[in-house]
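Subject: Handover of the structure, with notes on what was found

Dear colleague,

I am passing this structure on to you, and below it you will find my notes. Please keep it open beside the text while you read, and look up each residue as it comes.

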Amino acid sequence: ELCLTGSLGEILKKEETKTMLAQVLAVFLWNLLWLSRVKNRKAQILGISVGSLLFAWCHQMLVPAVISGVWIAVLICLGRWLNGWLMGGRKRMQDLTRKEWENIHWAETLALGLVTGSALWMVIVCVISLTGHGGVPFWRILALIFTAGTLAVCAAIQIRRKNESRKQQERKAVPNREAFWQAVLPDTFPQALLWAFILTMVLLQAGRLNIELDYDSLHYGLRSPYILDNGEGIYENLGLINLVYTYSKGAEVLVLPLSGTPTYGFLLSFTFWTTTVSVITAVVIGTRYGGKKAGFWTGALFCAVPGIMNMAVSAKSDSITLMCQLIIYDMLCLAVTRKDGEKNVCTNSSQKIRENPVTGVTETERSCNTAPWLIFAVSVYILSLVYKPTALIFSTALGGVGLVCLLIFKKAGKQDKRGFLTWIFPILATAGLWYRTWLLTGVPVTSVFANFFEKIGF
């Protein structure tokens, strides 16, 4: 009755709804065709890539998605290199792409890099803002410098790799690309259905980016040049009285270089990518503990929740907060399920190495300390506090449950003390952004916590 005569029925009768449903069906069938009928893996990748790019181009969000994706990739690279230096010392900086310091899966490698890279950018913005300098054009130029520098370093690494005499030996230490895609892409028709559904649900959000904006995005998410940095940095008191303008603004600081353009697509695309990371994290968790079929089911059920996927088309910080909390959960699961005597990737390239392309679990001939999953989870937790004030409740609750599980199963194990170094930039970023809230309100965290901080003396 709701669909036929109720309010939902009126929506379903609109021409825009019919067009959307037709496009969704076409995208789903296109993906299903390539994933189920085509057996060549390279052809599958090519087919779904062309379809996705064409869909994004038709909906006028390809360029914003590419530019915001490049910015996220820059943050990941900076974070990975910084983590490698913190965990391995100066010698490891000789090869910025070598992952011998970490017994960490490929998804967690990128996730932890994104966390550290984001914290690094926030610290830079906070430090420069303390001098009274800033403004969106300034941050955009600085981001371009970082992007150019990152691309130059990556190019230099690739050139050096080609000239190294031991290139063949190093190739054995990284997962084979064909094996990776063999593990990621579906093997059966039911798996192809799930894979096509996941990709279609993600592309559905991409098609909605440039149609309408929600109230909260217009209220504060898209107004950083006016409510966050008007030219003198993020610590300038702009005289605004709305409570939401005093939040930590971690997400808005990350997208300052993408702000102030004639289109909001760059900001919304950033949120779209953080939602995509959340989907990938859910699939990885399911695959690790239940196999490929369970991983695809996990991703499909995750994408079927409107409350999750709708966050992809909003400029609010909900999506990136959820992403951090999923990463925390992932790392806590790894800490709980670790086995005693687990091997670590801290050997040289001459030793025999076997790596599963899906989970990234690597075995070597020499035992090492287990990767400090618990410490890494705390690092992500610290940074999650700057995205939403309520993260102080939900992230803390998630971390508390994880700690209880670790104590019950006694799986924390011996943690690599160098892992604590990954806390440095998240702590500095949190301190810098909470300092802004304190300057404006007199308390470090507003929203529901204002009365609490006032009672304890702020």
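Two residues are said to be in contact, or to touch, when they have heavy atoms within 4.5 Å of each other. With that in mind, Gln205 touches Phe272, Met309, Asn310, Ala312 and Val313, if residues up to four places away in sequence are not counted. Gln205 has its place in helix α9, which covers residues 189–208, and with a relative accessibility of 3% Gln205 counts as buried.

Please bear in mind that this is a predicted model. The average pLDDT of the protein is 81, and 81% of the residues score at least 70. Among the elements, helix α9 has the highest mean pLDDT, at 93, while strand β2 (residues 362–363) has the lowest, at 39. Two stretches call for care: pLDDT stays under 50 over residues 90–104, for which the model has 43 contacts beyond four places in sequence, and pLDDT also stays under 50 over residues 170–175, for which the model has seven such contacts. Where pLDDT is low, the predicted coordinates should not be read in detail.

As for the protein as a whole, it contains 19 helices and two strands. Of its 458 residues, 50% are buried. If you take the contacts with a separation of 6 or more, 78% of them are between residues 24 or more positions apart.

Helix α9 also holds Leu193, which counts as partly exposed because its relative accessibility is 31%. Leaving out residues up to four places away in sequence, Leu193 touches Phe28 and Leu32. The C-alpha atoms of Leu193 and Leu35 are separated by 8.3 Å, although these two residues are 158 residues apart along the chain.

The second largest pocket comes next. Its space is about 750 Å³, and the elements that give two or more residues to its lining are α1 (7–12), α2 (15–36) and α9. Helix α2 gives the most to this lining, with eight residues. In total 26 residues line the second largest pocket, and those nearest its centre are Glu16, Thr17, Met20, Arg208 and Ile211. Sorted by kind, the lining residues of this pocket are 13 nonpolar, eight polar and five charged.

Cys333 is found in helix α15 (residues 318–337), and its C-alpha atom is separated by 10.0 Å from that of Ala377, 44 residues apart from Cys333 along the chain.

Another residue to look up is His219, whose place is in helix α10 (residues 215–221). His219 is buried, with a relative accessible area of 14%, and, again not counting residues up to four places away in sequence, His219 touches Asn242, Val244 and Tyr245.

Finally, there are two backbone angles to check. Gln60 has a positive phi of about 55 degrees although it is not a glycine, and Gln60 is found in the loop between α3 (41–58) and α4 (62–88). Lys249, too, is a residue other than glycine with a positive phi, in this case near 65 degrees, and the place of Lys249 is in the loop between α11 (224–227) and α12 (250–254). Which of these residues is buried and which is exposed? Gln60 is exposed, with a relative accessible area of 63%, whereas Lys249 is buried, with a relative accessible area of 2%.

With kind regards

Definitions and conventions: Residues are numbered from 1 along each chain as its sequence is written. This is a predicted model: local features need pLDDT of at least 70, side-chain atom pairs count only at pLDDT 80 or more; totals for chains, interfaces and linings use all residues. Side-chain values use heavy atoms; hydrogens and water are left out. Helices (H or I, at least four residues) and strands (E, at least two) are DSSP runs, numbered from the N terminus. Buried means under 20% relative accessible area, exposed over 50%, partly exposed in between (1.4 Å probe, protein chains only). On a 1 Å grid over the protein atoms alone, a cavity is a set of points where a 1.4 Å probe fits but cannot get out, and a pocket is an open set with protein on both sides within 12 Å along at least five of seven lines; lining residues have an atom within 4 Å of a point. Grid points are joined across faces, edges and corners, and a volume is the space filled by probe spheres set on the points. Ala, Val, Leu, Ile, Met, Phe, Trp, Tyr, Cys and Pro count as nonpolar, Asp, Glu, Lys and Arg as charged, and the others, Gly among them, as polar. pLDDT is the predictor's confidence in each residue, from 0 to 100.
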